[in-house]
Amino acid sequence: MGRAAVLTGIGSTVPEQVVTNDMLAARMDTSDEWIRSRTGIRERRRVGVGTATSDLAVEAGRRALKSAGVESVDALVLATTTPDHPCPATAPTVASGLGLGPIPAFDVAAVCSGFLYAMATAAGLISLGTADRVLVVGAEAFTTIIDPDDRNTAPIFGDGAGAVVLTAGHQSDRGALLAFDLGADGDLADLIVVPAGGSRQRTSGVEPGPTDHFMKMQGRTVFVNAVNRMTESSRTVLRRTGWDPGSVDWLVGHQANVRILHAVADQLDLPGERAFVNVDSVGNTAAASIPLALDDAARAGRLAPGDRVVLTAFGGGATWGAITLEWPDLAAL
Ligand code: UT7
């Protein structure tokens with residue numbers, strides 16, 4: 001049996017501050033009814049001033065290490081769209097905050113697909129023998145790049161972090177990551193974009209417009225692409241794993257919109273109940289979304305050892321991906 005990356009620990013955290021739909025409706029032209037019916041979101045969490053992505057990542061990482069029953073790892077991969085600073089990467093700060101020593105630590109940027117990209121990267125380190133154990137974190141202070149007055153994005157996004165420990169094992173172990181599919185299409189880069197702050201429109205040089213440091217999203221086009229790409233990517237990993245779509249116990253998709261999750265389940269001929277949903281309480285947390293969903297599902301006892309799980313995401317870039325695994329017997333704390 002080949003060497004494989006096996007999921008052995010999980011943890012997550014969300015900031016305390018709750019933002020309800022009614023709070024948003026008091027500020028902009030929207031309503032609780034519209035947000036619930038178009039997205040499935042009831043509330044989301046927001047970081048307070050002074051809390052950065054690394055703070056959330058450290059807490060989620062601490063919980064994942066505890067769940068795995070370990071104190072050290074050989075590498076840390078952080079998926080985020082909202083690093084503490086444009087330079088340097090945030091992962092070394094997280095490793096330092098966790099007292100992990102001088103291990104390799106780096107960021108992966110693939111927006112809402114970032115966690116799946118980070119998992120694939122970590123699995124590659126493990127397959128090569130470069131690492132025996134890797135902490136993979138998805139963390140976002142996403143509301144820091146959201147225009148609080150933009151009704152196209154403010155109701156959708158929230159903050160949080162989730163993390164998993166991947167450990168070298170065998171393909172036959174429960175929790176082994178079985179198949180991967182990743183993709184990207186830069187022709188769609190404008191669908192989800194923060195125009196300013198990078199080298200194309202720097203803070204110095206081109207004068208940014210008043211909202212150019214905030215994320216813009218072409219929601220309707222993203223919606224259609226998300227359903228198509230998440231469905232296709234899920235089909236690809238199911239084929240590679242040799243699983244019949246109907247045998248899947250849980251579709252844990254990127255929590256962008258409950259309508260997207262149900263549409264993907266429908267395309268895969270899965271009953272809607274097999275699409276795990278926690279977007280109602282946390283909103284879209286981008287790279288943190290899948291590990292947060294997995295941890296919520298595990299802590300609620302909804303994921304049982306041996307369950308067949310498909311993870312899938314679509315996000316800015318455009319990027320997408322999917323991974324299959326059988327849920328392991330682990331401590332969700
Ligand atoms: O995380 C990366 C991936 N991101 C996603 O997957 C997000 C994908 N997109 C979506 O989830 C949805 O497109 C949204 C939730 C963002 C928007 O829902 P929609 O059903 O696609 O709405 P729409 O943009 O087509 O707008 C429908 C109507 C429009 O009014 P008219 O033109 O029909 O009169 C909008 O002006 O709803 C209006 N509208 C709103 N009304 C109240 C748009 N936003 C709001 C709002 N409150 N917040």
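These notebook entries record what I looked up in a predicted model.

**Entry 1**

I began with an open sheet of five strands, whose order is 1-7-6-4-5 and whose pairing is mixed. Which strands stand at the edges? I noted strand 1 and strand 5 (105–108) there; each has a single partner strand, so one side of each is left without a neighbour in the sheet. On average, neighbouring strands of this sheet are turned by 20° against each other, direction ignored.

Strand 4 (residues 75–79) pairs with strand 6 in the parallel sense, over five bridges. For Ala 79, I found the bridge partner Gly 138 in strand 6.

Two helices were looked up against these strands. Helix 3 (residues 53–68) lies across strand 1, strand 4, strand 6 and strand 7, and it runs at about 120° to strand 1. Helix 9 lies across strand 1, strand 6 and strand 7, running at about 80° to strand 1.

**Entry 1: helix 9**

Is helix 9 mostly covered or mostly uncovered? Helix 9 (residues 289–299) is mostly covered, with nine of its eleven residues buried. Among the buried residues I listed Ser 289, Ile 290, Leu 294 and Ala 298. I recalled that an α-helix has 3.6 residues a turn, so residues three or four places apart point the same way.

I next looked up what covers the buried residues of helix 9. The cover includes helix 5 (114–128), together with strand 1 (3–13), strand 6 (133–140), strand 7 (160–170), strand 11 (250–253) and strand 12 (308–315). After helix 9 comes Gly 301, which has a positive phi, near 70°.

**Entry 2: His 254**

I located His 254 in the loop between strand 11 and helix 7 (258–267). Is His 254 buried or exposed? Its relative accessibility is 3%. The cut-off for buried is under 20%, and His 254 therefore counts as buried.

The side chain of His 254 also leads back to helix 9. It forms a polar contact of 3.0 Å with the side chain of Ser 289, a residue that is itself buried in helix 9.

I turned to a second open sheet, formed by four strands in the order 8-13-12-11 with mixed pairing. Strand 8 (177–184) and strand 11 stand at its edges with a single partner strand each, so one side of each is left without a neighbour in the sheet. Neighbouring strands here are turned by 15° against each other on average, direction ignored.

Strand 8 pairs with strand 13 (residues 319–326) in the antiparallel sense over seven bridges. Within this pair, Asp 181 has Ala 322 of strand 13 as its bridge partner. Helix 5 packs on the sheet and touches strand 8, strand 12 and strand 13; its direction makes about 125° with that of strand 8.

**Entry 3: the ligand**

How many residues surround the ligand? I recorded 23, and the closest are Thr 30, Cys 112, Arg 220, Asn 257 and Asn 284.

An N or O atom in the side chain of Arg 38 is 2.8 Å from an oxygen atom of the ligand. For the side chain of Arg 259, the corresponding distance to a ligand oxygen atom is 2.9 Å. A nitrogen atom of the ligand lies 3.0 Å from a backbone N or O atom of Gly 219. On its own, the ligand has 940 Å² of accessible area, and the protein covers 75% of it.

Methods. Residues numbered from 1 in each chain as written. Heavy atoms only, no water. Buried < 20%, exposed > 50% of the residue type's maximum accessible area, 1.4 Å probe, protein only. Contact = heavy atoms within 4.5 Å. Pairing = 2+ DSSP bridges. Axes fitted to C-alpha atoms, helices over the stretch in contact; angles between N-to-C directions. Near = heavy atom within 4 Å. Polar contact = N/O pair within 3.5 Å; in protein donor to acceptor, adjacent residues only side chain to side chain. Areas by Shrake-Rupley, 256 points an atom, 1.4 Å probe, with all protein chains shown as cover.
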